[in-house]
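Me: I would like to learn how to read a protein structure, one feature at a time. Could we go through this one together?

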Amino acid sequence: MRLPRFDYLEPENLKGALDLLSTHRDDAKILAGGTDLLVRMKKGLLKPKVLISLKALNELSYINEKNGYIKIGARTPIADIVASGLIKEEAHALFQACEKIGAVTIQHYRGTIGGNILQDNRCHHYNQSEFHRSGHQPCHKDGGKICYAREEADRCNSTCQSDGATALMALDAKITLSKINGERTVDLADFYTTDGIMPFAMESHELLKEIIIPVQIAESAYQRLAYRSAIDYPIVCAGVLLKRSDTQKNEIDDARIVVGAMGRSPLFLAQASFSLKGKKLNDTNAFKKAADASMDNASTFAVHNVGSTLEYRCAMVSQMVFQALKEAAQAAVAAKG
Ligand SMILES: Cc1cc2nc3c(=O)[nH]c(=O)nc-3n(C[C@H](O)[C@H](O)[C@H](O)COP(=O)(O)OP(=O)(O)OC[C@H]3O[C@@H](n4cnc5c(N)ncnc54)[C@H](O)[C@@H]3O)c2cc1C
Ligand code: SF4
């Protein structure tokens with residue numbers, strides 16, 4: 001498979017990159033590590049005329065903590081996140097998720113956290129070579145009018161399989177998007193559309209600049225299921241955050257349960273999360289009920305398009321959430337002062 005022709009531009013700084021994005025708009029794509037983008041281009045799924053590389057933008061590669069927030073530059077390599085003591089300590093779910101992305105040799109030295117959040121949604125009917133796709137009618141995402149993953153669907157339900165985004169949503173992260181004449185910060189949970197063709201609520205001349213995670217007195221954990229522990233994308237994953245009550249140290253004050261690889265975006269499951277408020281940190285029955293509720297809720301979004309059977313993936317939601325909750329609760333008990 002060969003790459004289609006494109007112009008390669010390498011701005012020296014953020015302003016230069018935003019200028020170029022503003023000029024080329026829909027004709028351009030940002031190139032970070034390229035581990036998602038170049039694969040899609042080789043498969044003929046995308047043919048941008050211009051690639052704007054972030055290679056020289058060291059200013060977008062950092063991890064720091066200030067005024068109660070961890071800030072991560074969008075071009076920060078996944079490897080740096082895995083190696084960061086701050087992330088391991090204060091945003092453990094993100095550490096666990098990044099540790100599992102792809103494989104060390106393929107991902108960690110190229111893939112970035114920005115590219116991980118903005119990797120395209122996937123579907124095994126669509127993420128195939130041009131030759132393979134030429135054998136049947138195009139689906140919605142390929143410019144046609146049908147969906148192979150859900151027969152009656154009037155839109156694309158391709159799946160977000162980003163490990164990083166699932167963990168970050170559990171950690172209640174925000175992201176900052178920059179454009180030539182300004183920037184905006186949004187909750188990651190509000191950043192998604194309801195269409196797998198264009199899954200992100202961002203404009204073509206916007207650039208993801210920074211990820212912001214609030215530092216909380218809370219414990220987080222991440223679990224994922226994939227065919228193989230290396231290389232493969234998750235077929236189900238879950239990130240959770242448990243906040244202890246200030247007054248009743250063994251009680252849960254707030255919880256966030258997010259399930260990934262089951263829908264067009266990571267799914268924040270509000271009802272299941274809320275059901276844990278006031279429960280004891282060792283109440284495994286409550287964890288089981290919340291995990292089963294997560295399964296029921298997440299199952300309504302999933303379609304058969306990322307391998308394995310839908311029934312198995314749905315059943316495993318409960319397992320992933322339960323394990324993550326137990327792990328976060330154990331960490332909270334251990335950290336109790
Ligand atoms: C074999 C293989 C296994 C993989 N396994 C996993 C896995 O287990 N889990 C997982 O989550 N991912 C996986 N991936 C997907 C991908 O490698 C990672 O998500 C990686 O972190 C993407 O980062 P990147 O910098 O290479 O992104 P790129 O490919 O450079 O970019 C991805 C997309 O984001 C856009 N983009 C990137 N940065 C910005 C920015 N700052 N502003 C605006 N747009 C931007 C690009 O234009 C492109 O559309 C896998 C990929 C491969 C090839
Ligand atoms: S979910 Fe349907 S429309 Fe979307 S990529 Fe898959 S087959 Fe195509």
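Me: At what angle do helix H11 and helix H12 pack, and how far apart are their axes?
Reply: Keep in mind that this is a predicted model. Two packed helices are described by the angle between their axes and by the distance between those axes. Here helix H11 (residues 284–299) and helix H12 (residues 310–335) pack at an angle of about 145°, and their axes are 8 Å apart. The crossing of H11 past H12 is right-handed.

Me: Which residues make the contact?
Reply: On the H11 side they include Phe-287, Ala-291 and Met-295. On the H12 side, Val-321, Phe-322 and Leu-325 are among them. By kind, the residues of this contact divide into 12 nonpolar, 4 polar and 3 charged.

Me: Next, the sheets. What is the strand order in the open sheet of 5 strands?
Reply: The order is S4-S5-S8-S6-S7, and the pairing is antiparallel. Strand S4 (63–66) and strand S7 (182–187) are at the edges; each has a single partner strand, so one side of each lacks a neighbour in the sheet. Neighbouring strands in this sheet are turned by 25° against each other on average, with direction ignored.

Me: How many bridges join S6 to S8?
Reply: Strand S6 (residues 174–179) and strand S8 (residues 207–214) run antiparallel and are joined by 5 bridges.

Me: Which strands pair with S3 in the parallel sense?
Reply: Strand S1 (residues 7–9) pairs with S3 in the parallel sense over 3 bridges. Strand S2 (residues 28–31) also pairs with S3 in the parallel sense, over 4 bridges. Val-50 of S3 is the bridge partner of Asp-7, and Ala-28 stands opposite Val-50 as well.

Me: Which way do the side chains of S3 point?
Reply: In a regular strand the side chains alternate between the two faces of the sheet. In strand S3 (residues 50–53), Val-50 and Ile-52 point one way, while Leu-51 and Ser-53 point the other way. All of these residues are buried.

Me: How many aromatic pairs are there?
Reply: The count is 3 aromatic pairs. For Phe-191 and Tyr-192 the ring centres are 5.7 Å apart and the planes are at 70°, so this pair is edge-to-face. For Phe-191 and Phe-200 the ring centres are 5.5 Å apart and the planes are at 20°, so this pair is stacked. Phe-191 and Tyr-192 are both buried, and Phe-200 is buried too. Ring pairs link Phe-191, Tyr-192 and Phe-200 into a cluster.

Me: Where does Ala-261 lie?
Reply: Ala-261 is in the loop between strand S11 (252–260) and strand S12 (267–268). Ala-261 also has a positive phi, near 65°, and is a residue other than glycine.

Me: Is Ala-261 buried or exposed? And what about Asp-172?
Reply: Ala-261 has 0% relative accessibility and counts as buried. Asp-172 has a relative accessible area of 30% and is partly exposed.

Me: What does Thr-112 touch, leaving out residues up to four places away in sequence?
Reply: Its contacts are Ala-32, Gly-33, Ala-74, Arg-75, Thr-76, Pro-77 and Ile-78. Thr-112 is in the loop between helix H6 (104–108) and helix H7 (113–118), and at 7% relative accessibility Thr-112 counts as buried.

Me: One last residue. Where is Leu-86 placed?
Reply: Leu-86 is in helix H4 (residues 85–90). With a relative accessible area of 23%, Leu-86 is partly exposed.

Me: How many residues along the chain separate Leu-86 and Asn-64?
Reply: They are 22 residues apart along the chain, and their C-alpha atoms are separated by 8.1 Å. Leaving out residues up to four places away in sequence, Leu-86 touches Ile-63, Asn-64, Glu-65, Ile-70 and Ala-91.

Note on methods
Residues are numbered from 1 along each chain as its sequence is written. Chains are lettered from A and ligands numbered from 1 in the order in which they are written. This is a predicted model: local features need pLDDT of at least 70, side-chain atom pairs count only at pLDDT 80 or more; totals for chains, interfaces and linings use all residues. Side-chain values use heavy atoms; hydrogens and water are left out. Two strands pair if DSSP finds at least two bridges between them. Helices (H or I, at least four residues) and strands (E, at least two) are DSSP runs, numbered from the N terminus. Axes are lines fitted to C-alpha atoms, for helices over the stretch in contact, and angles run from 0 to 180 degrees between N-to-C directions. A crossing is left-handed if the near helix is turned anticlockwise from the far one by less than a right angle, and right-handed if clockwise. Contact means heavy atoms within 4.5 Å. Ala, Val, Leu, Ile, Met, Phe, Trp, Tyr, Cys and Pro count as nonpolar, Asp, Glu, Lys and Arg as charged, and the others, Gly among them, as polar. Rings of Phe, Tyr and Trp (its six-membered ring) pair if their centres lie within 6.5 Å; planes under 30 degrees apart count as stacked, over 60 as edge-to-face and the rest as tilted. Buried means under 20% relative accessible area, exposed over 50%, partly exposed in between (1.4 Å probe, protein chains only).
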